Amino acid sequence: MKLAGLKSVENAHDDSVWAATWVPATETRSALLLTGSLDETVRLWSSDELVLERTNTGHCLGVASVAAHPSGLIAASASLDSFVRVFDVDTNATIATLEAPPSEVWQLRFNPQGSTLAVAGGGSASIKLWDTATWDLIATLPIPRPEGPKPSDKSGSKKFVLSVAWSSDGKRLACGSMDGTISIFDVARAKFLHHLEGHFMPVRSLVYSPIEPRLLFTASDDMHVHMYDAEGKSLVGAMSGHESWVLSVDVSPDGAAIATGSSDRTVRLWDLSMRAAVQTMSNHTDQVWGVAFRPPGGSGVRTGRLASVSDDKSISLYDYS
């Protein structure tokens, strides 16, 4: 796999762009890129040209995370204002507004079946699960502290949960915390299973392989990218190369490669068979907060797409084959 720069949009937002994800294609339209920014807006962009389709308002502080339902019909945004806004992608009509106490709404993700929205609970040291049929809160999964003190621990400090990811079969949830630990849950039983160790700084992004439900990729401020067998509790690969915090990670639809974004201002492509970075893209002039591979599907789609977003207010689009 090789990336080629396709297009960049400068000043895509009025402030730092913190989040990006793809809204899957539907029968009536192709996939859309969804971005969230410190400028309090969520924007939708056409799949290949990065033409602005529409701007969604409704938050009163910066947007920290965006998520798309697997149907492509609805999406959600989480803001520093402690609200999650769920909206219709094509009409922008608000479907639900989910409220949480301050500092308890961070990254959010729909499960592969589309039945549940998971929200990383920040200072509440938990993951909250919302039923997407009723928008009722159906579970709160508290994160226990790992055994033994960690060097970064302050006595009595609670975990701060930054990131969340679903396994491809929807049976497991992983979350990354400020102290570097990763927690794995059995969703059906709402049960904590175990911690994954290895990082020692915040885990701001993690993603499961779409091909192998046990395989989890994590990105950390310790400048490393890890591959875990999340069921076997084992670290199966550690990749380094970034010169600063790794802020985001995503995996290609075929499971053969991952992309990462870093505060070293680069996007890197990693070949998982080699467990090494094979390409570095330097399109951005500031921290890269989000990378996202476009999901397969949609009419006339022949090549893959990767998007990246940055504190420099820009979006970059790459193709790969």
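## The largest pocket

Seven strands each put at least two residues into the lining of the largest pocket: strand 2 (17-23), strand 6 (63-68), strand 10 (108-110), strand 14 (161-166), strand 18 (203-208), strand 22 (246-251) and strand 26 (288-293). Keep in mind that this is a predicted model. The space inside that pocket comes to about 1400 Å³. It has 49 lining residues, and the ones closest to the centre are Thr21, Arg109, Leu206, Val207 and Asp250. Sorted by class, the lining has 34 nonpolar residues, 11 polar ones and 4 charged ones.

Let's look at Thr21, one of those residues closest to the pocket centre. Thr21 sits in strand 2. Is Thr21 buried or exposed? Its relative accessible area is 17%, so Thr21 counts as buried. Leaving out residues up to four places away in sequence, Thr21 touches Leu32, Leu33 and Leu34, then Val66, Ala67 and Ala68, and also Ala292.

## The largest cavity

A search of the whole structure turns up 1 cavity of 30 Å³ or more. The largest cavity holds about 40 Å³ of space. Its lining is made up of Val84, Leu98, Glu99, Ala100, Glu104, Val105, Val119, Lys128 and Trp130. Strand 9 and strand 12 (126-131) each give at least two residues to that lining. As for class, 6 of the cavity-lining residues are nonpolar and 3 are charged, with no polar ones.

## Salt bridges

How many salt bridges does a search of the whole structure find? The count is 11. One of them pairs the side chains of Asp90 and Arg54, at 3.6 Å from N to O. This pair links distant parts of the chain, 36 residues apart: Asp90 is in the loop between strand 8 (83-88) and strand 9 (94-99), while Arg54 is in strand 5 (residues 52-56). Asp90 is partly exposed at 36% relative accessibility, and Arg54 is partly exposed too, with a relative accessible area of 22%.

Next up is the bridge between the side chains of Asp221 and Arg204, at 2.8 Å from N to O. Asp221 belongs to the loop between strand 19 (215-220) and strand 20 (224-229) and Arg204 to strand 18, so this bridge ties together parts that are 17 residues apart in sequence. Both Asp221 and Arg204 are buried. Elsewhere, salt bridges with shared partners join Arg172, Asp186, Arg189 and Glu231 into one network. Within that network, Arg189 and Asp186 form a salt bridge whose closest N and O atoms are 3.0 Å apart. Arg189 is exposed, at 53% relative accessibility, whereas Asp186 is buried, with a relative accessible area of 9%.

## Cysteines

How many disulfides does a search of the whole structure find? The answer is 0. Cys60 is exposed, with a relative accessible area of 52%. Cys175, on the other hand, is buried, at 0% relative accessibility.

## An exposed phenylalanine

Phe200 is in the loop between strand 17 (191-196) and strand 18. With a relative accessible area of 54%, over the 50% cut-off, this side chain's residue counts as exposed. Even so, Phe200 has contacts beyond its sequence neighbours: not counting residues up to four places away in sequence, Phe200 touches Asp179, Gly180 and Asp222. Phe200 and Met178 are 22 residues apart along the chain, and their C-alpha atoms are separated by 8.9 Å.

## Two positive phi values

Most residues other than glycine have a negative phi. Here are two that go the other way. Glu40 has a positive phi, near 80°. Glu40 is in the loop between strand 3 (32-37) and strand 4 (42-46), and at 31% relative accessibility Glu40 is partly exposed.

The other is Trp135, with a positive phi near 60°. Where does Trp135 lie? Its place is in the loop between strand 12 and strand 13 (137-142). Trp135 is buried, with a relative accessible area of 13%.

Conventions: Residues are numbered from 1 along each chain as its sequence is written. This is a predicted model: local features need pLDDT of at least 70, side-chain atom pairs count only at pLDDT 80 or more; totals for chains, interfaces and linings use all residues. Side-chain values use heavy atoms; hydrogens and water are left out. On a 1 Å grid over the protein atoms alone, a cavity is a set of points where a 1.4 Å probe fits but cannot get out, and a pocket is an open set with protein on both sides within 12 Å along at least five of seven lines; lining residues have an atom within 4 Å of a point. Grid points are joined across faces, edges and corners, and a volume is the space filled by probe spheres set on the points. Helices (H or I, at least four residues) and strands (E, at least two) are DSSP runs, numbered from the N terminus. Ala, Val, Leu, Ile, Met, Phe, Trp, Tyr, Cys and Pro count as nonpolar, Asp, Glu, Lys and Arg as charged, and the others, Gly among them, as polar. A disulfide is a pair of cysteine sulfur atoms within 2.5 Å. Buried means under 20% relative accessible area, exposed over 50%, partly exposed in between (1.4 Å probe, protein chains only). Contact means heavy atoms within 4.5 Å. A salt bridge is a side-chain nitrogen of Lys or Arg within 4 Å of a carboxyl oxygen of Asp or Glu.
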